[in-house]
Amino acid sequence: MRKLIKATSLLTSASLVEMIFRFVRTKLIAVFLGTQGLGFLSQFGNLLETLRSYGTIGTRRAVIRQVASAKESGVHSQRYGEVIKTSFFLVLLASGLIAFVTTVFSVKISHAIFGDERYYLFVVILSCMLPVVSISTLLGAIVKGNLEYRSFAYYNVVCYLVTILVTWPAIYFFKYWGAVFTNFLFFALPVIGYFIMNERKHFLNFSHKINFTLLKEQFHDGFNCIYEETLAGTLKLIVMSWITVRLGFVEMGIYQVVMAFTTVYLVIGIH
């Protein structure tokens, strides 16, 4: 029970720091880019989160379960190595495919999401970010499967704090592109942190082959979960796109400010 409470406390701390980062980022965007900039970048973030769900195919729960089970045989066992390699193969394949499709249809997606085809380059950049974002999500699941909650919280908190420090100058000097860059750092820095952590914990051990039984299990479990994970995100993206196209970025930005404050107060109350 004590271990469970401790693990929950660590994960809660990491979630609170993440929430603070998102709040600070929203505030800085509103100050330096105005409500119009906030509206645009909110849509960018909504699109990224939706595609991330598809890029990981909802496999996080399956990966955590498989890693926890295989770890009993040791992190250097063939079974464990097959879980790691199969997970990377599936996520890289899915995120790469979605990134390719998103790039091909970037102009149409820009028009549907932002109400203007001129923002297609941002969609292309988002496509390039997607594999890294998906791998960051996968690595977090692998760490949790190893029950390294303390290390997970520590490395994530450090990465979030570094990102917060970079956010102000990035947005101030580079405007929209700076905000996009800090959004990328939010996922890229934890990836670097996980690989640094691997030098100490050695939890990333790859086998020489892909286990198709594990692949089928991950895909099947992920396919069942993806409905839950992506339905709300997709509906939210559709609603936000309607607000953006019909009313404009300014109204979208005002809506995002209201949602940001509401989320902060709700999360603080829950925690």
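**Notebook: aromatic residues and a nonpolar patch**

I looked up Tyr172 and noted that, at 38% relative accessibility, Tyr172 counts as partly exposed, a class that lies between buried (under 20% relative accessible area) and exposed (over 50%), taken with a 1.4 Å probe and protein chains only. The model is predicted, so I kept in mind that local features need pLDDT of at least 70 and side-chain atom pairs count only at pLDDT 80 or more, while totals for chains, interfaces and linings use all residues. Residues are numbered from 1 along each chain as its sequence is written, and side-chain values use heavy atoms, with hydrogens and water left out.

I placed Tyr172 in helix α6, where helices are DSSP runs (H or I, at least four residues) numbered from the N terminus. The charged end of Lys175 sits over the ring of Tyr172, 5.7 Å from its centre; the criterion is NZ of Lys or CZ of Arg within 6 Å of the ring centre and within 35 degrees of the ring normal.

Two or more residues of the patch come from each of α5 (120–145) and α6 (149–201), and α6 gives the most, with 5 residues.

I then turned to ring pairs and found 19 aromatic pairs in the structure, counted where ring centres of Phe, Tyr and Trp (its six-membered ring) lie within 6.5 Å, with planes under 30 degrees apart called stacked, over 60 edge-to-face and the rest tilted. One of them is the edge-to-face pair of Phe88 and Phe206, at 5.1 Å centre to centre and 65 degrees between the planes. This pair links distant parts of the chain, since Phe88 lies in helix α3 (residues 78–104) and Phe206 in the loop between α6 and α7 (212–247), 118 residues apart. Phe88 is buried at 10%, whereas Phe206 is partly exposed at 45%.

I also noted that the rings of Phe122 and Trp177 are stacked, because their centres are 4.2 Å apart and their planes at 10 degrees. Phe122 in helix α5 and Trp177 in helix α6 are 55 residues apart; Phe122 is buried at 10%, and Trp177 is partly exposed at 39%.
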